[in-house]
Amino acid sequence: MLYSRFKIGFVTIAMFSSMACREIPESQSTQRAADVKTEKTSLASWPVSNTYLGDIAVYETFDEIKPLFRQQSDTTYVINFWATWCKPCIEELPYFEELNKAESANPVKVVLVSLDFPQHLENKLLPFIEKYQINSRVDVLLDGSYNDWIDKVSPEWSGAIPATYIYKKKEHHLVGIPFESYIDLLNSVQIVK
Amino acid sequence: MKLVSLYSLTLSLLFITNTSFITNPVDGIGIGDEAPNFELKNVDGKWYSFENILDANGKKPKGYIIIFTCNTCPYAQASEQRIMDLHKTYAPNGYPVVAIQPNDPGKKPGDSFEAMRARANEKNFPFLYLMDEGQKISPKYGATKTPEVYLTDSERIVRYHGAIDDNVRNAAAVKVRFLENAIEALENGQNPDPETTKAIGCGIRT
């Protein structure tokens, strides 16, 4: 039992890293040399959005936001999937805010990816961010073809929110349940930090 | 010395296992496993298990569409009409919808038995809407969110697990009807393809 769990974890990691590695050569093979450079750059650089709501980047498709999950710097990324209507998400937001503040001088980046419905961005999400004065970075992902991208974040993720993907280069960890406390979040960050 | 290092290795393995268990509650049943039985109260006050659930013709079902869903989740609400339509289409054909509400009303008062009954009456739910009293059934299935579907065959073997279709948020934007395709596959004596899918949903609160 112990062994099999450990093995599953290992296989998942192996699958994920092989997925991530395979992606570049495959796309390269179908592109001209000039495009390859663009592809490499976009994988390493921060995602670019065509749409902004105030200073919040709004991504229509997962492909647009994908570079957020493929950064190669020495930073630990703490990416939380949430929505304003999701009560357990809201309850754990203060822990992310605290982490964002406490680690502001360190290579730790908190990103709150809102999965709010398109029709709720202006009348719910923006007022929420203002009311609670959220300081962490908030991005919006609108891609409703969930089955196409949940596994690209992590095969360990069932799709339930809240969920938090924490990674640094190839080290990664998916937390599929709410954090009970700030310490609980810190401990999860330590696993990959 | 050897013993000590073995001991610490076991401890660290325990730690890893424990962590993955706590952070990802995905233990449960998979494709090919038998769906755990239950005895749960419906919104009409009657108790149901696999033994007394029948299709729209009063016959033993050819399969069961078990959907973990609730009153309060926006994704569940967005799926409500689709779930009603599924039952109306497939219960006469041998596949009744069995909806199970998995949330603890202590944590989500909007999912109390009274609230479930009110919602079922208001919308005139044609399917069973069962309360997972004590939140014992959803962990056995390994369900983590609402809505989440398990389609079984007549022998209660899970043949499809996941989403109703490819757009839980917006019925008008649906392109692929995963669950309906899975039922058609069973009707044709085939394995559903895909057998599992994923969607964003509200984490079940037990």
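Colleague: Is B:Asn167 buried or exposed?
Modeller: B:Asn167 is buried, with a relative accessible area of 10%. Buried means under 20% relative accessible area, exposed over 50%, and partly exposed in between, with a 1.4 Å probe and protein chains only.

Colleague: What kind of model is this?
Modeller: This is a predicted model, where local features need pLDDT of at least 70, side-chain atom pairs count only at pLDDT 80 or more, and totals for chains, interfaces and linings use all residues. Residues are numbered from 1 along each chain as its sequence is written, chains are lettered from A and ligands numbered from 1 in the order in which they are written, and side-chain values use heavy atoms, leaving out hydrogens and water.

Colleague: Where does B:Asn167 lie, and what does it touch?
Modeller: B:Asn167 lies in the loop between strand S8 (158-162) and helix H5 (178-187) of chain B. Helices (H or I, at least four residues) and strands (E, at least two) are DSSP runs, numbered from the N terminus. Leaving aside residues up to four places away in sequence, B:Asn167 touches A:Gly144, B:Arg82, B:Ala173 and B:Val174. Contact means heavy atoms within 4.5 Å.

Colleague: Switching to cysteines. How many disulfides over all chains?
Modeller: The count is 2, a disulfide being a pair of cysteine sulfur atoms within 2.5 Å.

Colleague: Which cysteines pair in chain B?
Modeller: B:Cys73 and B:Cys202 form a disulfide, with their sulfur atoms 2.0 Å apart. B:Cys73 is in the loop between strand S3 (63-68) and helix H2 (74-90) of chain B and B:Cys202 is in strand S9 (residues 201-203) of chain B, so the pair ties together parts that are 129 residues apart in sequence. Both B:Cys73 and B:Cys202 are buried.

Colleague: And what about B:Cys70?
Modeller: B:Cys70 is in no disulfide; the nearest cysteine sulfur belongs to B:Cys73, 5.1 Å away. B:Cys70 counts as buried, at 4% relative accessibility.

Colleague: What about A:Cys86 and A:Cys89?
Modeller: They form a disulfide, sulfur atoms 2.1 Å apart. The torsion about their S-S bond is about 75 degrees, so the disulfide is right-handed.

Colleague: Aromatics next. How many pairs over all chains?
Modeller: There are 25 aromatic pairs over all chains. Rings of Phe, Tyr and Trp (its six-membered ring) pair if their centres lie within 6.5 Å; planes under 30 degrees apart count as stacked, over 60 as edge-to-face and the rest as tilted. One of the pairs is B:Phe68 with B:Tyr150: ring centres 5.9 Å apart and planes at 85 degrees, so edge-to-face.

Colleague: Are those two residues buried or exposed?
Modeller: B:Phe68 is buried at 0% relative accessible area, and B:Tyr150 counts as buried at 1%.
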